[in-house]
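Biologist: I am new to this one. Could you show me the structure and walk me through the words used for it?

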Amino acid sequence: MNPKRERPSVLIPESVKGSSSFNLFDIFQGAETEMDFFDRLQETRQLLNTFDSSSDEANGVARAILASFPYTIDIARQASQNIESRAKYLSWELRHTLFSSKGSEIMLGYLSSQDIQEDESKFVLRNIIHTIGLPNLLNLCRELLTEYKKEGQDKKYQRLENILRNLLLLDSSKEVFRELGDLYDVIDFDKYPVTDKTIESRVNWLNSYLQENGVGREKSWKIVDVGCGTGDTVARLAESGYENIEGIDPVEKHIQTAQEKLQDGTEERFKVGDWKNLPYDDESLDVVMCMGRSLTHTEDWGELYRVFREFRRVLKKDGLLIIDMPDPNSPGYKEYMEYYAKLAVKLDLGASNPEYQWYIVDSPDEEHFYNRYTPEFEVIKKMLNMVGFSNAEIERVTVIPNEKGSQNWDITAVAVEIPANLQMIDSLKRGEQFVKKENIK
Ligand SMILES: C[S@@+](CC[C@H](N)C(=O)[O-])C[C@H]1O[C@@H](n2cnc3c(N)ncnc32)[C@H](O)[C@@H]1O
């Protein structure tokens, strides 16, 4: 069991909250430990969300962010006790808070509302691209342009359009920004490299894992597969007797396919839903699983954090969360990221930069692209602790190469549960198909 962390009682000074004198320096000043810095990041994110991005106040916020950014980086350095790699990581998290979707919206509003020096707008755009990715930046711009047009804000419209035009001089004839649903409409999901063998191996592992953790097959045990895709995992677990299991996914086409595949007389096994807003009551589920690297579809640190918070909300106190993520530091995944980074450069997609190693532009077919966010384990663990999971265990497993033989990635199974008697290591030994195991400490 992890020791309970004491939270400082007041993080962001009251004088900063809700006032137009938003000042990053004040907020972060005095953060002496990484955890403290993390807490302030979290509150800053919440605070940013309270600003109406089209207001004058938001412009003040944007200016304050730009002005105090370097000082805040210094504070991050101190909070990391001068360990360079940790300092880098904290600064990275800082940027991911300030240039999160909401932060980006505020910044773009600022760039559109007055004539800004080119250096400054470049700085802002670069940070946005490296944080939420080019596709999301373009989506955001599209939304803002529509809004400006509707409201007849011609000057703002022109400025933003200019900024975009300059940005896109880079290219681009390729359309990189697609909604996730569009993406899954054009690719054949069954050709996606989650093969039968992978699913079989996962289901074997899940079966013994659930059993060992006392999760029963009877109706009273409720299990939900979030991001269930076309439903194979749910279908097989249901076949093996788990009565009360269902899957949700935001892509309607997946849900339809899943329903067609599974004709076991249970009509309500699948529904359309989003992990940011799960259609379940507080503390109503025994198990939430989210497998197949689905969580790499989150946009950034903030979104992943929100999703974890949502998982925590719907799980019972002693509920079980099972997720898997790729290890961004594994040789297999590094190779994969480098490949896409090069491809992105070749196609002038602009958003994949090996320097920002947790972000890649990925593509199932090298024609349609989207972002993937793959933080390090330690970040995942920290976030899980922050939302209230008291026991986050992480294991590294290597799944057998799939049938195509081309995707020998390291996959990380992360299991989280509340009681202290988690027997993850033992259960992994019994997952016959997972051939190699290494405990990450
Ligand atoms: C790589 S697929 C994995 C599907 C399935 N879990 C499997 O292993 O076969 C990723 C899934 O995440 C889903 N997903 C993406 N964004 C989501 C969201 N906001 N809420 C829930 N699921 C989401 C996608 O629709 C997709 O089905």
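Modeller: Gladly! Two residues are in contact if their C-beta atoms, placed from the backbone, lie within 7 Å. Among such contacts between residues at least 6 apart in sequence, 71% join residues at least 24 apart. Please keep in mind that this is a predicted model.

Biologist: What makes Ile380, Met383 and Leu384 in helix 15 buried?

Modeller: A residue is buried if 20 or more other C-beta atoms lie within 10 Å of its own. Ile380, Met383 and Leu384, in helix 15 (residues 377-387), count as buried. Of the 441 residues of the protein, 41% do.

Biologist: How do you know which side of helix 15 they are on?

Modeller: They cover an arc of only 100 degrees around the axis, so they sit on the same side of helix 15. In general, residues three or four places apart in an α-helix point the same way, because there are 3.6 residues a turn.

Biologist: Why are helix 3 and helix 5 called roughly perpendicular?

Modeller: Helix 3 (residues 56-79) and helix 5 (residues 101-113) pack at about 105 degrees, with axes 9 Å apart. Angles of 65 to 115 degrees count as roughly perpendicular, and therefore this pair is described that way. By class, their contact has 6 nonpolar, 3 polar and no charged residues.

Biologist: Which residues come nearest to the ligand?

Modeller: Of the 19 residues around the ligand, Gly227, Gly229, Trp275, Gly292 and Ser294 come nearest. The shell has 8 nonpolar, 6 polar and 5 charged residues.

Technical notes
Residues are numbered from 1 along each chain as its sequence is written. This is a predicted model: local features need pLDDT of at least 70, side-chain atom pairs count only at pLDDT 80 or more; totals for chains, interfaces and linings use all residues. A residue is buried if 20 or more other C-beta atoms lie within 10 Å of its own, exposed if 12 or fewer, and partly exposed in between; C-beta atoms are placed from the backbone. Helices (H or I, at least four residues) and strands (E, at least two) are DSSP runs, numbered from the N terminus. The arc is that of the directions from the helix axis to the C-beta atoms. A residue is near a molecule or strand if its C-beta atom, placed from the backbone, lies within 6 Å of it. Ala, Val, Leu, Ile, Met, Phe, Trp, Tyr, Cys and Pro count as nonpolar, Asp, Glu, Lys and Arg as charged, and the others, Gly among them, as polar. Axes are lines fitted to C-alpha atoms, for helices over the stretch in contact, and angles run from 0 to 180 degrees between N-to-C directions. Angles under 35 degrees count as roughly parallel, over 145 as roughly antiparallel, 65 to 115 as roughly perpendicular and the rest as oblique.
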